[in-house]
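The following paragraphs lead the reader through a protein structure, moving from one element to the next. Please keep the sequence and the three-dimensional view at hand while reading.

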Amino acid sequence: MLALRGISKRFGAVQALADVDLEVHAGEVVALVGDNGAGKSTLVKTIAGVETIDSGVIEWQGRPVSIGKPHDATNLGIATVYQDLALADNLDVVGNLFLGREIRRFGLLDEVEMERRSRELLDTLSIKIPSVRIPVASLSGGQRQTVAISRSLLGDPKVVILDEPTAALGVEQTAQVLDLVERLRDERGLGVILISHNMADVGAVADKVAVLRLGRNNGTFGMRDTTQEQIISAITGASDNAVTRRAARQTGPEGEK
Amino acid sequence: MSDTDQTAAPAAAAQVDPRLILAEGGVRGYLREFWRRVRGGELGSIPVVVGLIVIWAIFQSLNSGFLSPSYLTELSINIVATGMLALGIVFVLLLGEIDLSIGSVSSACAAIVAVANQTWGLSEGLSILLAVAAGLAMGLIHGFFFAKIGVPAFIVTLAGLLGWLGVSLWVLGKTGSYNLTNSNGLIDLLTNTYFEELFWGYLVAIVVAVVYFVISLRGSLARRRAGIPARSVTEVIIRSAVLAVVLLAVAVVFNQARGLPLAPLIFLAFILIAGFVLNHTSYGRKVFAVGGSIEAARRAGINVAAVRISVFAISGTMAAIGGVFYASVNRGVTQSGTGQQILMYAIAAAVIGGTSLFGGRGSAFSALLGVLVIQSIAAGMNLLGITNYAQYMVTGIVLLAAVVIDSVSRRSQKASGRA
Ligand SMILES: Nc1ncnc2c1ncn2[C@@H]1O[C@H](COP(=O)(O)OP(=O)(O)O)[C@@H](O)[C@H]1O
Ligand SMILES: [Mg+2]
């Protein structure tokens with residue numbers, strides 16, 4: 001579906017990304033992990049069109065595309081939910097879902113239709129929210145996250161990128177969000193790129209783990225035959241040795257499908 | 001938006017989190033819902049309506065002339081100038097910003113009306129148009145410096161406060177004061193027109209209530225058809241009936257004095273239009289979004305600068321309209337312009353009426369409620385012969401109370417996050 005090949009990005013003296021590859025297929029959750037400053041957010045921004053790449057190729061459904069601005073990414077079918085959800089606290093759930101793309105009738109807001117579609121969307125995702133008409137300020141962190149993710153789905157994307165969706169959440173709420181991620185994959189057949197620091201989350205939902213270290217690929221692991229220790233050592237580079245490299249080689253090709 | 005009854009449609013039940021205080025039907029359900037709102041800080045206009053009733057009761061008990069038809073008619077006309085400014089300020093507060101210039105803008109525009117008409121010989125209608133255009137231009141200037149240059153709104157409009165005050169004195173020139181006493185002239189008619197035939201008041205009351213009923217009923221039925229929670233028909237009928245009773249009562253009061261006055265009718269029309277724009281158009285949604293989260297608005301593709309500039313333009317325009325009404329009520333303009341306190345009263349009115357200082361929460365209606373409170377206090381104290389300093393102190397306390405309610409409700413709204 002979406003493939004990055006040899007992506008490089010430089011900020012002044014910082015080589016934030018060097019020759020990075022990443023692939024995500026339909027119906028697949030790819031976890032993108034790495035230490036702070038590894039370049040995860042930068043990679044996401046290049047896909048989302050917030051930053052342009054210096055070199056490399058972005059392929060969409062097998063064809064090279066250029067993503068110069070956020071609009072390009074949205075038009076292709078790539079939706080991004082950033083870490084700071086950027087919801088308007090004072091607006092209700094419906095207002096947030098449709099912000100910037102309100103449904104209008106005779107030039108006026110069609111609240112009925114927007115509310116109906118909101119409920120429909122939340123229902124199909126089995127998202128539980130007390131009411132679509134309360135300000136999102138009074139929702140819990142997990143609910144806010146699900147609202148933000150739902151909002152990204154309104155444009156009918158094929159790939160969804162989630163930047164640390166569970167970072168600020170408790171156990172129960174994390175589970176809700178992970179459930180939602182699974183439904184995106186299994187019921188909607190979306191490709192999901194999940195950035196996370198949390199190995200338990202990654203282990204729970206990811207099919208494939210791509211590790212970034214200091215702006216470079218440091219292995220892609222298939223989830224089934226990799227231990228958390230292997231991933232963690234790839235992240236930290238603590239045991240950047242033959243064992244991990246071997247593990248990466250063995251699982252690498254399988255992960256590329 | 002927030003006062004939609006969630007009880008009616010069964011579809012709602014499936015979505016409701018079981019831990020939530022379930023909305024129930026009937027009186028009990030309403031009481032519970034009400035209590036939930038009190039605790040959640042979603043009080044809306046309840047405190048200010050209660051406050052207004054208390055204020056009226058106090059003044060009435062101290063002087064039985066207060067609630068007399070002629071005094072209330074006078075009150076309804078005197079609220080209009082400040083009310084127009086307050087309505088503009090509502091938009092600015094919704095962005096979470098402030099406009100300190102509106103007093104001076106209204107003074108300058110009142111001066112422009114007088115001078116354009118008396119010295120330059122323009123017709124009254126053209127003079128008014130010129131003044132309103134000037135107010136619009138002043139607002140655009142504030143908006144430009146705020147949104148495009150990045151100067152804090154507080155400072156831009158503080159500069160406006162000084163600058164436009166200077167302009168108003170300059171426009172008035174050596175003459176210093178102008179009379180606008182041309183009865184049957186447009187300016188005079190604005191605040192000196194009464195529809196004396198009794199039926200006018202009743203007609204307006206009935207028409208407004210019926211229109212409200214039809215719109216609410218259609219909305220309720222459309223929601224039901226779409227399978228989303230809707231107000232029950234009974235509730236729509238009750239609400240419309242209450243509205244009709246209130247409006248008819250107002251009409252009766254007006255009719256016992258000089259008939260239905262034009263000025264508050266114009267004010268009401270402005271409020272309805274502003275409320276409509278805020279709640280039913282994309283533009284209004286953008287204003288709320290920018291006030292709630294600039295980042296969210298920007299990411300949703302909203303042109304934040306354009307929204308900001310337009311809002312300050314609205315504020316300037318409304319200040320100009322308020323200035324015209326002020327000149328009309330006072331039948332002229334002097335060097336003291338629209339007065340020192342109109343700025344404070346307008347901002348206080350918007351906040352007292354329930355528009356948050358923190359941005360993103362409020363309504364056009366709050367301008368009406370707030371200005372009624374402020375002017376009732378002023379009028380009542382005048383009637384009792386209470387001196388200026390006490391008036392200022394009481395108004396200050398009321399404003400403080402309103403801001404406290406605003407702050408507390410904001411906090412409890414954050415704290416009451418459920419599930
Ligand atoms: N706009 C920028 N200007 C300069 N340096 C940047 C910029 N954005 C990111 N970087 C640098 O690029 C590197 C990768 O950052 P980032 O992608 O945010 O990492 P991560 O999200 O994995 O923690 C860091 O060293 C960071 O300082
Ligand atoms: Mg990051």
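In strand β12 of chain A, T220(A) is the bridge partner of A210(A). The model in which this pairing is found is a predicted one. The two strands concerned are β11(A), residues 208-213, and β12(A), residues 216-222; they run antiparallel and are joined by five bridges. Together they form a hairpin with two residues between the strands, and in the turn L214(A) has a positive phi of about 50°.

How many of the residues of strand β3(A) are buried? The strand spans residues 28-34 and is mostly covered, with seven of its seven residues buried. In a regular strand, side chains alternate between the two faces of the sheet. In β3(A), E28(A), V30(A), L32(A) and G34(A) point one way, while V29(A), A31(A) and V33(A) point the other way, and all of them are buried.

Helix α1 of chain A, residues 40-48, is another covered element. Seven of its nine residues are buried, and the helix is therefore largely enclosed by the rest of the structure. Among the buried residues of α1(A) are K40(A), L43(A), V44(A) and I47(A). The residue that follows the helix, G49(A), has a positive phi, near 85°.

Attention may now turn to charged side chains. A search of the whole structure finds 24 salt bridges over all chains. One of the pairs consists of E115(A) and R133(A), with the closest N and O atoms 2.7 Å apart. This pair links distant parts of the chain: E115(A) belongs to helix α4(A), residues 111-124, whereas R133(A), 18 residues away, lies in the loop between α4 and α5 of chain A. Both E115(A) and R133(A) are buried.

An α-helix has 3.6 residues a turn, so residues three or four places apart point the same way. R116(A) and E120(A) are separated by about one helical turn because they are four residues apart in helix α4 of chain A. Are these two side chains buried or partly exposed? R116(A) is partly exposed, with a relative accessible area of 26%, and E120(A) is partly exposed as well, with 44%.

In chain B, R331(B) forms a salt bridge with D188(B), the closest N and O atoms being 3.1 Å apart. R331(B) lies in the loop between α14 and β4 of chain B and D188(B) in helix α8 of chain B, so the pair ties together parts that are 143 residues apart in sequence. R331(B) is partly exposed, with a relative accessible area of 33%, whereas D188(B) counts as buried at 5%.

Salt bridges that share partners join D92(A), E111(A), E115(A), R119(A), R133(A), R223(B) and R285(B) into one network. Across the interface of the two chains, three salt bridges are found. The contact takes 37 residues from chain A and 38 residues from chain B. The area buried between the chains is about 3200 Å², of which carbon and sulfur atoms give 55%.

Chain B itself has 17 helices and four strands. Of its 419 residues, 48% count as buried. Chain B exposes about 19000 Å², and carbon and sulfur atoms supply 69% of this area.

The surface of chain B also carries a nonpolar patch of about 510 Å², made by F34(B), I46(B), V50(B), V54(B), I58(B) and L62(B). Which helix gives the largest share of the nonpolar patch? Five residues of the patch come from helix α3 of chain B, residues 46-62, and this is the largest share. I46(B) lies in that helix and counts as partly exposed, at 36% relative accessibility.

Note on methods:
Residues numbered from 1 in each chain as written. Chains lettered and ligands numbered in written order. Predicted model: local features only at pLDDT ≥ 70, side-chain atom pairs only at ≥ 80, totals over all residues. Heavy atoms only, no water. Patch = residues over 30% accessible without salt bridge, like charges linked within 9 Å, V, L, I, M, F, W, Y side chains within 5 Å. Areas by Shrake-Rupley, 256 points an atom, 1.4 Å probe, with all protein chains shown as cover. Salt bridge = Lys/Arg side-chain N within 4 Å of Asp/Glu carboxyl O. Buried < 20%, exposed > 50% of the residue type's maximum accessible area, 1.4 Å probe, protein only. Pairing = 2+ DSSP bridges. Contact = heavy atoms within 4.5 Å. Buried area = accessible area lost by both parts, 1.4 Å probe.
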